[in-house]
Amino acid sequence: MSDLAINTSKSVPQRITTWDRLTVNRNWVSFWFMLPAAAFLILFLAYPLGLGVWLSFTDARIGRSGIFIGLENYEWLWDDSTFWLSVFNTLLYTVVASAVKFAVGLYLALLLNENLPFKALLRAVVLIPFIVPTVLSAIAFWWIYDAQFSIISWSLRHLGLISGNIDFLGDMWNARWSVIFANIWRGVPFVAITLLAGLQTVSPSLYEAATIDGASRWQIFRHITYPMLTPIIAVVMTFSVLFTFTDFQLIWVLTRGGPVNATQLMATLSYQRAILSGQLGEGAAISTAMIPFLLAAILISWFGLQRRKWQQGESND
Amino acid sequence: MTEALVPKLASSKAVLTGTAPDHSEGMSYLQTLPQRLLTIYLPLAIILMVLLFPFYWMALTAIKPDEQLLDLDRFSPFWTWNPTFKHIHQLLFETAYPRWLWNTMYVAISATVLSIAASVLAAYAIVRLRYRGAQWIGGAIFLAYLVPPSILFIPLSSVVFTYGLFDSPMALILTYPTILIPFSTWLLMGYFKTIPFELEECALIDGASRWQILTKIVLPLAVPGLISAFIFCFTLCWNEFIYALTFLSSTQNKTVPVAIVNEFVDGDIYRWGSLMAGALVGSLPLVILYAFFVEHYVSAMTGAVKE
């Protein structure tokens with residue numbers, strides 16, 4: 001003990017080297033902490049994103065890097081009716097599926113927020129469609145939508161509601177509604193559970209006060225629940241719209257864009273053009289054309305739903 | 001910008017069990033039982049039935065004998081009295097299915113571990129080192145989260161080709177983190193913020209380096225967050241389709257979702273049994289994992305939209 005005391009009292013403060021300074025420098029240490037994530041995101045996300053835009057201005061094909069051809073790909077797409085059909089389909093798919101997902105998801109969240117027996121089990125079970133890989137549940141839907149052996153057709157026939165089988169995936173509009181339904185089926189649990197998390201933070205005293213004031217159930221929902229939920233709705237719907245707009249898996253398994261491109265979305269069309277036909281440039285142009293739509297969708301669901309906050313004049317921090 | 005969007009959310013545990021602020025009980029006396037039956041239990045039962053029916057149908061089809069599958073008139077389609085394991089047996093012993101399962105597992109675990117390691121470092125630096133521009137980087141990571149794979153797969157396929165990764169599991173292990181890192185960084189940032197920084201200050205005074213603080217103090221406290229991130233990333237990898245479809249070509253390298261779609265779909269009218277068995281066996285690992293970690297899973301999901 002005494003040795004130690006003598007030693008320390010004699011020692012002069014060590015000279016602080018540049019290295020020592022570096023090891024406590026926030027920016028220098030952070031650089032190394034950020035490096036792995038940044039490397040991944042730059043190499044495999046930012047660079048491809050830029051490359052995609054560049055490819056859309058070239059006539060690249062698989063196995064051959066293209067030369068710059070300006071807007072030719074876009075001009076070609078402008079006159080391509082299949083492309084416009086895919087834009088229409090994508091918009092229809094996104095708008096209908098997102099709207100229904102929101103309505104049913106919110107309804108389900110409200111139901112699950114009630115006082116129920118086996119609450120935990122119920123809520124866990126509701127999420128199952130969301131965790132099972134989309135492709136695998138889509139295959140189950142494919143079998144449910146089978147032209148000959150569909151269980152839905154069978155049940156309706158036995159109930160005496162229809163006389164012949166419904167051709168779910170063979171008819172243009174039937175196919176559209178069928179894939180939209182499958183998408184809704186998969187998306188509802190996500191919306192419901194996240195909104196439920198928001199619902200549980202709404203203070204009960206608000207509901208009690210409203211009830212005493214004689215508010216109806218609808219008024220309670222419209223003037224308490226909905227405004228309190230708006231921020232979380234904005235986030236959830238932004239994600240929902242985004243993933244619906246860029247959906248690929250479900251369509252690919254169920255219809256591959258058919259019949260006669262009736263369910264061709266922009267994502268499936270770009271896959272067909274770029275990978276199956278090898279026209280990388282044209283496929284990239286379709287993907288790039290999705291970006292403005294995506295930005296618009298994000299901005300609309302974002303600011304549209306956050307409007308209340310802006311109107312109240314809260315600062316946008 | 002992002003700070004403005006922090007809606008208050010109940011914790012995952014509260015979401016699942018409803019233990020914490022559960023207000024429904026208070027006013028439920030205002031409704032009679034028949035009313036509740038009609039307005040709550042009935043709609044709930046219908047929605048649940050629709051949500052679960054495809055899984056029932058999948059499982060039933062997987063164990064039905066072939067002749068019952070296609071003959072809806074002599075056998076009731078909703079039940080079977082003589083289940084068979086023929087389809088599952090065929091799947092496991094006569095096809096490359098175990099190999100595909102292994103591929104999926106291998107890719108999912110490697111990509112998840114890589115991403116979480118990178119995310120832990122990045123999230124810690126953003127939240128606690130607060131270097132110059134950390135807030136901007138945080139925002140950029142949130143934006144990266146919004147870039148969907150469907151607009152990246154074309155240029156990525158050319159990148160993968162250039163690096164000579166085409167048709168190897170490495171192609172997926174290196175590209176999946178682009179989906180996983182933004183998500184898990186975002187999630188872990190939220191977790192790290194909840195760890196009291198006084199703990200770190202103490203450690204700094206005691207002479208610990210940043211690395212020691214991270215591994216000895218922050219990580220042990222963030223274990224629930226790490227589990228959530230891990231489970232959710234693993235599920236995302238298992239679910240991923242478009243990259244696997246584009247970057248892999250040989251049968252033995254495929255992942256389960258791609259293999260099922262491409263290898264099982266032939267003209268055979270009796271393919272349904274094995275297709276459904278394939279879908280069932282492919283979903284089981286995730287469902288089992290989910291059953292054990294429901295709470296973590298929900299916290300990952302709500303955490304992803306929370307921050």
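## Helix pair

H8(A) and H15(B) are roughly parallel to each other, because angles under 35 degrees count as such. Helix H8 (residues 134-144) of chain A and helix H15 (residues 256-263) of chain B pack at about 30 degrees, and their axes are 8 Å apart. Helices here are DSSP runs (H or I, at least four residues), numbered from the N terminus. Axes are lines fitted to C-alpha atoms over the stretch in contact, with angles from 0 to 180 degrees between N-to-C directions.

A:Val135, A:Leu136 and A:Ile139 of H8(A) meet B:Pro257, B:Ile260 and B:Val261 of H15(B); contact requires C-beta atoms, placed from the backbone, within 7 Å.

## Model and numbering

The model is predicted: local features need pLDDT of at least 70, side-chain atom pairs count only at pLDDT 80 or more, and totals for chains, interfaces and linings use all residues. Residues are numbered from 1 along each chain as its sequence is written, while chains are lettered from A and ligands numbered from 1 in the order in which they are written.

## Chain contact

Chain A contributes 82 residues to the contact and chain B 88. On the side of chain A, helix H3 (residues 26-55) supplies the largest share, 17 residues.

Leaving aside neighbours within four places in sequence, A:Leu254 is in contact with A:Ala138, A:Phe141, A:Trp142, A:Leu169, A:Val179 and A:Ala182.

## Domains

An automatic or database assignment divides chain A into domain 1 (15-55) and domain 2 (80-306).

Key
Contact = placed C-beta atoms within 7 Å. Helix = DSSP H or I, 4+ residues; strand = E, 2+ residues; numbered from the N terminus. Parallel < 35°, antiparallel > 145°, perpendicular 65-115°, else oblique.
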